Amino acid sequence: MENPDTFYDGSKRIKSEIKKENQRLFMRRLLANKSLLIGGIILIIIGLIAILGPSFLSNTPYQIFAEERLSAPSREFIFGTDNMGRDLLSRVIFGARVSLFVGLMASGVTALVGLMVGLYASYYRFLDHILMRICDGLMAFPAILLALAIMAALGANALNVIVALSIVMIPTVARVIRSAALVVQEQTFIEAIKAQGAGSFRVIWVHIAPNVLSHLIIQATYVFAISIIIEASLSFMGVGIPAPDPSWGNIIYEGKIHITRAWWMTLFPGAFILSTVIALNLFGDGLRDFLDPYTIN
Amino acid sequence: MLEYIIKRILSIIPILIVVSLMVFFLIHLTPGDPAAVILGPAATITALENLRAEMGLDMPFHEQLMTWFSNVIRGDLGNSLFMKKTVLEAFMDHLGPTLSLAIMGQMIAILISIPVGIIAANNRGSNIDRAVSIFSTLGISIPNFLLALFLVLIFSVALSLFPVAGYRPLSAGLWPHIRYLTLPAVTLGIIQAALLTRVTRSSMLEVLNNNYIKTAYSKGLSEWAVIIKHAFRNAFIPILTAIGQSFAQLVVGAIVVETVFNIPGIGQLLINAISRRDFQVIQGAILLIATTFIIINLVIDLLYGLLDPRVRLNRK
């Protein structure tokens, strides 16, 4: 008679092989997804520049070299200097910290509040009407203009930029989550869980929320990209991150009047904005294909 | 059809109410007393009280709300605190350049996107198609003010073909008007074209898969006759809708791009109003823009229903 232990071992071996095979498939799908990979790599590089960059810098972003105003890129100042004689490389790298932090916080707040609004709107009919009318109202305003008006009322600083961006973007996320959650609620397992007597809190957060998570992650990536664009636009129009703190947008704002003499003040921060947004869009597209293989692009 | 039109028109009323409520609350977002924020720390008490009375801030909250609503319904958006004009007059004064720019941008976008989208769809999967898709990804990713500045660097600073900034009204002659608006309009056109090219391509692809296209080919029609006469005509309705819906976005883009070129349009009005804390103008302009967009979307929806009977039948 066979020893039950060997049988157990065999099953364990098969299980671990299945696991290995799954991991292999996972890796293969990951590597086949070029947008996800390229977007991810660019994002990691930009993130590393923002995190580690400052420790390699010899100048702070506020240090003024009065004699070196508007000097072109050189060995000493790789990105050149700005109109006040500050090291542009240092300002762009610290600007990366500010712009990425604002974008990250805005997309985090937007994702969290959007998830809550979307879930509760999908679950309670009376809330649905109120919340969705508010969303309709907010979405009737063009995003940048609403953010501009909110900034005008609140005053220009980094925290208010995060608040303004979140207010502008929550409705879109809430709508996506709401419609995804409505689909989940149609399914039998929700009915079964309700029949077993689960409370509404449990149904919403334990059973519906995990099933709309992939939508939320994809949305958060796009929201991050839009935040970078709107923050840069607000700062460029002089109502975003106030001087002397650098952000990609306000460096370009300061460079605008010197554009005929100092192309570097526009080009370098501009290149960072562009590559971050492209990387985020690529990453978002890749993520969408990866998390939901059934959607046909 | 009449039922559809009435339903659709009535559906915008709650949105308009919510929108005007939000604009009303905007001023109450200001931390502290808006009058004190506007006049600054050096203001006298009488000046503060006068301004509060002028803005209606001395009234109880519900009265302020009622006054606001009754004024808005009558089309009275108040007076600018700094310019000796009503908000509506100030808005109309600045509308011309913005509209001129948006219309030029739209024309450029259509001229680029429709041929490019058709060619990409007709050569699906080829290198041309891939290049087009890279173009639209880039166009969707780049912020409009940044593209504007890059174009200035290339065409004004390096090549000196166009002025760096400025604006000439149409009354100064057609040629200077166009010359000063070229770079901003091309900026808007490229970004808008990125979006419309995608729509044109996918709309064409959908139509090209139909059997009547095969029939047209098998009748021996030339490729271009099939594409233009049979495919494009049927692909056009979704493209038209996309053009209409994105016009609002284009106007907003124009408002941002204006600030790059110092064009005296709605963007400049808003930025000046913000720096002077002219709240009446900010509120009025935002409300006017949002309302216009709601109405534009309504008109597009109704037109869509008119052009495509499936829409109005499905939504009943």
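How many Å apart do the C-alpha centres of domain 1 of chain A and domain 2 of chain A lie? The legends below refer to a predicted model.

**View 1. The two domains of chain A.** The C-alpha centres of domain 1 and domain 2 of chain A lie 41 Å apart. Domain 1 of chain A covers residues 1–32. Domain 2 of chain A covers 33–291.

**View 2. Where domain 1 of chain A touches domain 2 of chain A.** Each domain of chain A brings four residues to this contact. On the domain 1 side, three of the residues are nonpolar and one is charged. That side has no polar residues.

**View 3. The contact between chain A and chain B.** Chain B contributes 35 residues and chain A contributes 33 residues. Six helices of chain B each supply at least two residues to the side that touches chain A: α1 (2–26), α6 (127–141), α7 (144–158), α10 (223–261), α11 (266–275) and α12 (279–307). α7(B) gives the most, with seven residues. The chain B side is made up of 31 nonpolar and four polar residues. Charged residues are absent from it.

**View 4. Confidence along chain B.** The average pLDDT of chain B is 83. A score of at least 70 is reached by 97% of the residues of chain B. Helix α5 (residues 87–122) of chain B has the highest mean pLDDT among the elements of this chain, at 88. Helix α13 (residues 309–314) of chain B has the lowest, at 64.

**View 5. The complex as a whole.** The predictor assigns the complex an ipTM of 0.84. Its pTM for the complex is 0.86.

Definitions and conventions: Residues numbered from 1 in each chain as written. Chains lettered and ligands numbered in written order. Predicted model: local features only at pLDDT ≥ 70, side-chain atom pairs only at ≥ 80, totals over all residues. Contact = placed C-beta atoms within 7 Å. Helix = DSSP H or I, 4+ residues; strand = E, 2+ residues; numbered from the N terminus. Nonpolar A, V, L, I, M, F, W, Y, C, P; charged D, E, K, R; others polar. pLDDT = per-residue confidence, 0-100. Domains from an automatic or database assignment.
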